[in-house]
Amino acid sequence: MKITQIESFGVQLDEPKQNDYRITGLGLTRIKTDEGITGYGFLGTDGSRLEQQVKPKLIGANPLDIEYHWQNGSLNGCPAVENALWDIAGKVAGLPVRTLLGSVKERIPYYLTCVWPGEADQSHLSLEVQPEQILRYYEMGHTRFKIRGWRPNILDDVKVVEKVKNALGDKVEIMIDRTAQHPGWIWTYEQALSVARGLEAAGATWLEEPFAREDIASYRRLKDEVDIPITGGEFGNQLSQFRDYLVGGAVDIIQPDGAGSGGILPCKKVSVLAEAFDTACILHGSNGPNLYTFLQIASSIPSCRVMEVALVFPPLTAEEMCEPVNRILKNPPLLKMKDGFIELPKSPGLGVDLDESAVDKLRR
C-alpha cells in the first residue's frame with residue numbers, strides 16, 4: 001500500500017452567524033492510498049508544512065509505517081496527518097484504532113468544560129449564574145464539569161464550586177482550570193495555595209495548571225502540600241517536557257493533548273511514561289469529530305478515568321454544538337452520550353464515518 005494524495009481543506013457546515021457557538025466550520029486532512037482506503041484527520045494542516053515537510057516524504061510511502069514517519073520528521077507539527085495514518089491503519093485491519101492500541105474499555109465517562117460567552121475571565125457572570133447552569137446540565141444527565149479559575153477575585157471560583165456542591169453534593173464532580181499563563185497574570189504561590197485549600201474544602205476534584213507551565217518547582221511544592229490533585233501538561237509537544245514533569249514530581253495527573261502533543265502515538269508514549277512514574281494520564285480534551293480521535297487514545301490508557309468534552313458554551317449542550325457536523329456523517333448523530341458516558345465507536349479507524357460526497361459538496 002502506498003500513499004497517493006495528501007490534502008488539507010475546510011468544510012463549511014452552516015452559515016456562521018453572530019453569537020453562534022456551534023461548530024459551523026471544520027478543518028480536515030485527507031490521505032488517499034493506491035488501494036482505495038482513505039484516512040481523515042479532523043484538523044487542518046498548515047499548507048507550507050504539508051508541501052515542504054510532509055508530501056516529499058509521505059507520497060509513495062507505506063501509511064502503516066507510523067513510527068518510521070515520526071522518526072524521519074514527516075509528522076512533526078502535523079497531528080492531523082498522523083491521525084489520518086492511524087485512520088488508515090484501523091481501516092486496513094477492520095478495527096477501531098483503540099483496539100490496535102490495546103483498548104481497556106468500551107465506554108468512558110466524560111466531563112463538560114464550560115466557558116460562558118462574554119468576558120474570558122467570566123467576571124461578567126454573577127456567582128449564581130454558573131451554578132444555575134450546571135444544575136440545568138445536571139438535569140439533562142451530565143454529572144461532571146470543569147470551569148475556569150480566572151476571576152480577578154481568586155476565591156470567587158471557589159464560591160461557585162461551593163454553591164454547586166451545596167446544591168448537588170456528590171451527585172456531581174467539579175474541577176477548576178487555571179490554564180497557566182492564559183488569564184494574563186499568574187497566581188503567586190500563596191494565592192494558589194489559598195485556592196487549592198478552598199477547593200479541597202468545597203469538594204472539587206482537581207486544580208489544573210495553577211502556575212506558569214515551566215515552573216515545575218511550584219507545581220511540585222503545591223502538589224506535596226495539598227490533597228486535591230494537581231494536573232497539567234496539555235502544552236507539551238515534546239516527550240522530554242512530559243519527562244521533566246514526571247521526574248520533577250510536578251503533577252498528580254499528566255494531561256497530554258491528542259493534537260498539541262503531536263498525535264496518537266506521542267500520547268500513548270506519554271501514558272506509558274506516566275505509568276512508570278505511578279502517575280495518572282488523563283487526556284486534555286476536544287470537541288466535534290476530533291474528540292473521537294482523543295477517545296481512541298483515552299480508551300487504551302488504564303488510568304484515563306474520564307474524557308474532557310471541550311469547550312461547551314452555555315446554554316448550548318455539547319450535542320447542540322455538534323449538530324452541524326451531522327451533515328457530513330453517514331450515521332449521525334456524532335455524539336452519543338448517556339448516563340455520564342460516551343459510547344465509543346466500533347467502526348474501523350477513528351470511528352467517524354464521513355459521507356465523502358457531503359464533505360466534497362461543503363468543501364471550501
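User: Which side chains meet in a salt bridge with Lys 146?
Analyst: In this predicted model, the partner of Lys 146 is Glu 308, with N and O 3.1 Å apart. A salt bridge here puts a Lys or Arg side-chain nitrogen within 4 Å of an Asp or Glu carboxyl oxygen.

User: Where do Lys 146 and Glu 308 lie?
Analyst: Lys 146 is in strand β5 (residues 144–148) and Glu 308 is in strand β11 (residues 307–312), so the pair ties together parts that are 162 residues apart in sequence. Helices (H or I, at least four residues) and strands (E, at least two) are DSSP runs, numbered from the N terminus.

User: Are Lys 146 and Glu 308 buried or exposed?
Analyst: Lys 146 is buried, and Glu 308 is buried too. The cut-offs are relative accessible area under 20% for buried and over 50% for exposed, with partly exposed in between (1.4 Å probe, protein chains only).

User: Where do Glu 200 and Arg 197 sit?
Analyst: Both lie in helix α7 (residues 189–202), three residues apart, about one turn of the helix. Glu 200 has a relative accessible area of 24%, so it is partly exposed. Arg 197, at 38%, is also partly exposed.

User: What about Lys 223, which partner has it got?
Analyst: Lys 223 forms a salt bridge with Asp 224, and their closest N and O atoms are 3.6 Å apart. Lys 223 counts as buried because its relative accessibility is 19%. Asp 224 counts as exposed, at 54%.

User: Which residues are linked in a network of salt bridges?
Analyst: Glu 7, Arg 30, Glu 356, Asp 360 and Arg 363 are linked that way.

User: New topic. How many aromatic pairs does the structure hold?
Analyst: It holds seven. Tyr 189 and Phe 211 make a stacked one, with centres 5.9 Å apart and 5 degrees between the planes. Phe, Tyr and Trp (six-membered) rings pair with centres within 6.5 Å; planes under 30 degrees apart are stacked, over 60 edge-to-face, the rest tilted.

User: Which parts does the pair of Tyr 189 and Phe 211 tie together?
Analyst: Tyr 189 lies in helix α7 and Phe 211 in the loop between β7 (207–208) and α8 (216–225), so the pair joins parts 22 residues apart in sequence. Both residues are buried.

User: And how is the pair of Tyr 219 and Tyr 245 arranged?
Analyst: That pair is tilted, at 5.6 Å centre to centre and 50 degrees between the planes. Tyr 219 is in helix α8 and Tyr 245 in helix α9 (residues 239–247), so parts 26 residues apart in sequence are tied together. Tyr 219 and Tyr 245 are both buried.

User: Which residues form one aromatic cluster?
Analyst: Tyr 189, Phe 211, Tyr 219, Phe 235 and Tyr 245 do.

User: Last topic. What order do the strands of the three-strand open sheet have?
Analyst: The order is β1-β2-β3, with antiparallel pairing. β1 (3–12) and β3 (38–41) are at the edges with a single partner strand each, so one side of each has no neighbour in the sheet. Strands pair if DSSP finds at least two bridges between them.

User: How many bridges join β1 to β2?
Analyst: Nine bridges join β1 to β2 (residues 25–33). In β2, Gly 25 is the bridge partner of Gln 12.

Terms used:
Residues numbered from 1 in each chain as written. Predicted model: local features only at pLDDT ≥ 70, side-chain atom pairs only at ≥ 80, totals over all residues. Heavy atoms only, no water.
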